[in-house]
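Hi there,

Here is the structure I promised to pass on. Have a look at it first, and then read on for my notes.

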Amino acid sequence: MRAARRSPSPAPNRRRVLLAGGALGLGALLTACGDNGSAAGKNGKGAGDGTGGGSWSFKDDRGRTATADGLPKNIVAFISTAAALHDYGIECKGVFGPSEPVGGKPNPQAGDLNLKGLTSLGTEWGQFNIEKYAALEPDLLISNMFPAPALWYVPEESTEKISSLAPTVGISVARTSLKEPLKRYTELAASLGADLETERVRAAKARFHRAERTLRKAAEANRGLKVMAMTGTADQMYVAVPDSYCDLNYFKDLGIEFVEGKKSDEWGFWEFLGWENADRYHADLIMIDNRTSALPAKDLAEKPTWNKLPAVAAGQTIPWPMEERYSYAGYAPVLERLAAAVEKSKRLHR
């Protein structure tokens with residue numbers, strides 16, 4: 001099963017699935033709206049003053065400048081993007097992407113969002129209700145990019161229609177260090193009027209930097225520990241190519257030693273292995289994709305070759321929030337959990 005559209009997720013290929021219902025009725029509205037997000041540039045910077053007056057602009061990671069006559073209020077965003085903005089006090093009206101509860105608990109990609117007051121435009125790959133989007137009278141749409149220029153979870157076949165309704169902003173989260181999207185989302189939030197000096201924001205950043213030091217010390221104390229990040233489907237196990245993921249890239253900078261998956265396709269996020277070859281690499285600690293698109297633990301446990309992996313047999317596994325929200329509040333606990341797992345894990349024999 002191949003990864004869909006520049007996908008860091010080996011989800012079913014639904015790029016040709018049309019949106020269900022409604023899109024044809026938008027013709028007049030789409031024609032009347034212009035795309036305000038297409039000026040070129042090199043570095044993205046916000047120009048909002050947080051007062052709600054005057055013009056607003058932000059240069060994104062595609063080099064495009066989104067503009068508005070005033071500070072955008074009706075914001076629609078990918079679910080983890082909305083969660084990151086929420087951590088800075090910026091609220092969205094609509095979201096798209098996985099947001100439904102998992103096992104009776106809040107979806108990990110939703111962060112601290114209260115979903116009851118938000119309009120969902122779709123929760124699965126290929127779902128994006130354009131009629132609902134238009135009804136929100138959006139001022140701005142924001143999503144991640146894996147990699148640029150495609151906006152994550154915005155259907156490619158509908159991109160032109162969607163971008164004609166409001167300016168769009170894309171933040172790159174692939175093939176860079178985690179520090180970059182953290183910085184960019186901070187800049188974006190500030191441009192949208194966030195106060196970066198609140199106690200909540202300052203405390204989250206301080207906690208992140210403490211966790212960073214803790215993880216570095218844990219990696220130093222347990223040199224030689226091999227860590228593998230993976231996800232699974234019914235037919236295959238996917239081993240991550242660490243440099244393609246900003247979090248794994250950053251963890252490497254802090255001293256974590258990763259199993260290096262080999263690129264199996266042009267996008268370069270994964271090495272695809274049949275379950276019969278799940279033991280190709282030795283790992284002492286395994287990070288398991290925690291998204292709803294990944295094979296859940298109960299199904300992984302049904303794979304004999306999975307159960308025989310030394311890390312699995314030893315109970316040395318940890319959830320991998322590979323689409324965690326890009327805020328200091330979001331990633332501080334991630335670093336803390338990884339540091340704790342590294343500290344208690346032992347180097348295992350193959």
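Below is what I found, starting with how the model was handled.

This is a predicted model, in which local features need pLDDT of at least 70 and side-chain atom pairs count only at pLDDT 80 or more, while totals for chains, interfaces and linings use all residues. Residues are numbered from 1 along each chain as its sequence is written, and side-chain values use heavy atoms, leaving out hydrogens and water.

Start with the open sheet, where 5 strands follow the order β6-β5-β4-β7-β8 with parallel pairing. (Helices, H or I of at least four residues, and strands, E of at least two, are DSSP runs numbered from the N terminus; two strands pair if DSSP finds at least two bridges between them.) The edge strands, β6 (119-120) and β8 (168-172), each pair on one side only. Inside the sheet, 3 bridges join β4 (residues 75-78) to β5 (residues 94-96), and Phe 78 stands opposite Phe 96 in β5.

Helix α2 (residues 79-87) packs on this sheet, touching β4, β5 and β7 (140-145); contact means heavy atoms within 4.5 Å. Because 9 of the 9 residues of α2 are buried, the helix is largely enclosed by the rest of the structure. (Buried means under 20% relative accessible area, with a 1.4 Å probe and protein chains only.) After α2 comes Gly 89, with a positive phi near 90 degrees.

Elsewhere, β2 and β3 form a hairpin with 4 residues between them, and Gly 63 in the turn has a positive phi of about 80 degrees.

Best wishes

Conventions: Axes fitted to C-alpha atoms, helices over the stretch in contact; angles between N-to-C directions. Buried < 20%, exposed > 50% of the residue type's maximum accessible area, 1.4 Å probe, protein only.
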